[in-house]
Amino acid sequence: QVQLVESGGGRVQPGGSMRLSCAASGRTFSSITMGWFRQAPGKEREFVATISRSGISTTYADSVKGRFTISVDITNNTAYLQMNSLKPEDTAVYYCAATDSWYLRRGSSRNHDYNYWGQGTPVTVSS
């Protein structure tokens, strides 16, 4: 079992930055693959970013590429999503997710590939 707890959400002005954290317990990052997803009001949950178990390979949704950065700190078993140049359309509840499937060790952008989810943290981008 993996438990995930997100933190760092809140309100920020357009153009601002925010960093989300996802603390994992129950497994080490060497045995799970992490991803970030988000769900805006009235919309389906969508992929944001994923990182391979090695931490070398990252994949981003086109809508956040060049603005968001996913990373992991194996010393404290925490994943991060650094969000820069935030836009109102980035407003959503952000979820971190994990999978322990070996076949997904390089990362995945598919919702249903992840079997562990955090509770979500809301991000509002508004002036």
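Me: How many salt bridges does a search of the whole structure find?

Reply: Six salt bridges turn up. This is a predicted model, where local features need pLDDT of at least 70, side-chain atom pairs count only at pLDDT 80 or more, and totals for chains, interfaces and linings use all residues. Residues are numbered from 1 along each chain as its sequence is written, and side-chain values use heavy atoms, with hydrogens and water left out.

Me: Why is the contact between Arg 38 and Glu 46 called a salt bridge?

Reply: The term asks for a side-chain nitrogen of Lys or Arg within 4 Å of a carboxyl oxygen of Asp or Glu. Arg 38 and Glu 46 have N to O at 2.6 Å, so the pair qualifies.

Me: What makes Arg 38 buried?

Reply: Buried means under 20% relative accessible area, exposed over 50%, and partly exposed in between (1.4 Å probe, protein chains only). Arg 38 has 5%, so it is buried. Glu 46 has 35%, so it counts as partly exposed.

Me: How do you know that Asp 62 is exposed?

Reply: Its relative accessibility is 66%, so Asp 62 counts as exposed. Asp 62 forms a salt bridge with Lys 65 (3.1 Å, N to O). Lys 65 has 49%, so Lys 65 is partly exposed.

Me: What makes Asp 90 and Arg 67 a salt bridge?

Reply: Their side chains meet at 2.7 Å, N to O.

Me: Which residues are linked in a network of salt bridges?

Reply: Arg 38, Glu 46, Arg 67 and Asp 90 are.
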